[in-house]
Amino acid sequence: MRLSSASDGAVPDFTVTCAGYRASRRKGTGALSFIIEDKLLAELCESDLNESWQAAQDLDDDDARELSRSAGEHLIELLDAGLGAIDLSEAVTDAAVVFLLAMRRYGVADPKRIPACSVMWHGQGAYERVVLGA
């Protein structure tokens, strides 16, 4: 698996776009919203984001690559079936896995520091490309 921030000309199988972590006016709360393929809006609340982030941090590199590959391939299958025919929670979970592991590999140390970006998943080769400023 590779991670690139430069354009490599390959067409992604799907894209997850995020406006970045957003803090709430209530102290200690926030959320991370993301859009899957410009079709499905999802949000991780503060507690789910922290739990998922910690789980991503606890994985070794090989396990993280395998989990990302598996989630990416599963999301491609779900999207190919069409949104009306799938379990949306599965699609959101898979997208969150790919996105958060990409942020980890990109070097983001804290989920509250996730910037506006897009993560483009390429099933051929099982890698993602992060583009800042989504």
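## Basis

The model is predicted, so local features need pLDDT of at least 70 and side-chain atom pairs count only at pLDDT 80 or more, while totals for chains, interfaces and linings use all residues. Residues are numbered from 1 along each chain as its sequence is written, and side-chain values use heavy atoms, with hydrogens and water left out.

## Salt bridges overall

Side chains of opposite charge can pair when their charged atoms come close. The structure holds 7 salt bridges (a side-chain nitrogen of Lys or Arg within 4 Å of a carboxyl oxygen of Asp or Glu). Glu66, Arg69 and Glu73 are linked in a network of them.

Lys112 pairs with Glu46, and the closest N and O atoms are 3.4 Å apart. Lys112 sits in the loop between helix 3 (88-106) and strand 6 (117-122), and Glu46 in helix 1 (residues 46-58), so the bridge ties together parts that are 66 residues apart in sequence. Helices (H or I, at least four residues) and strands (E, at least two) are DSSP runs, numbered from the N terminus. Glu46 is buried at 9% relative accessibility; Lys112 is partly exposed at 40%. Here buried means under 20% relative accessible area, exposed over 50%, and partly exposed in between (1.4 Å probe, protein chains only).

Glu128 bridges to Arg105, with the closest N and O atoms 2.9 Å apart. This pair also links distant parts of the chain: Glu128 is in strand 7 (residues 127-132), Arg105 in helix 3, 23 residues apart. Glu128 is buried, with a relative accessible area of 0%. Arg105 is partly exposed at 27%.

Asp62 forms a salt bridge with Arg65. Their closest N and O atoms are 2.2 Å apart. Both lie in helix 2 (residues 61-81), 3 residues apart, so about one helical turn separates them. Asp62 is exposed, at 53% relative accessibility. Arg65 is partly exposed, at 31%.

Asp94 belongs to helix 3.

What does Asp94 touch, not counting residues up to four places away in sequence? The contacts (heavy atoms within 4.5 Å) are Ala71, His74, Leu75 and Leu78.
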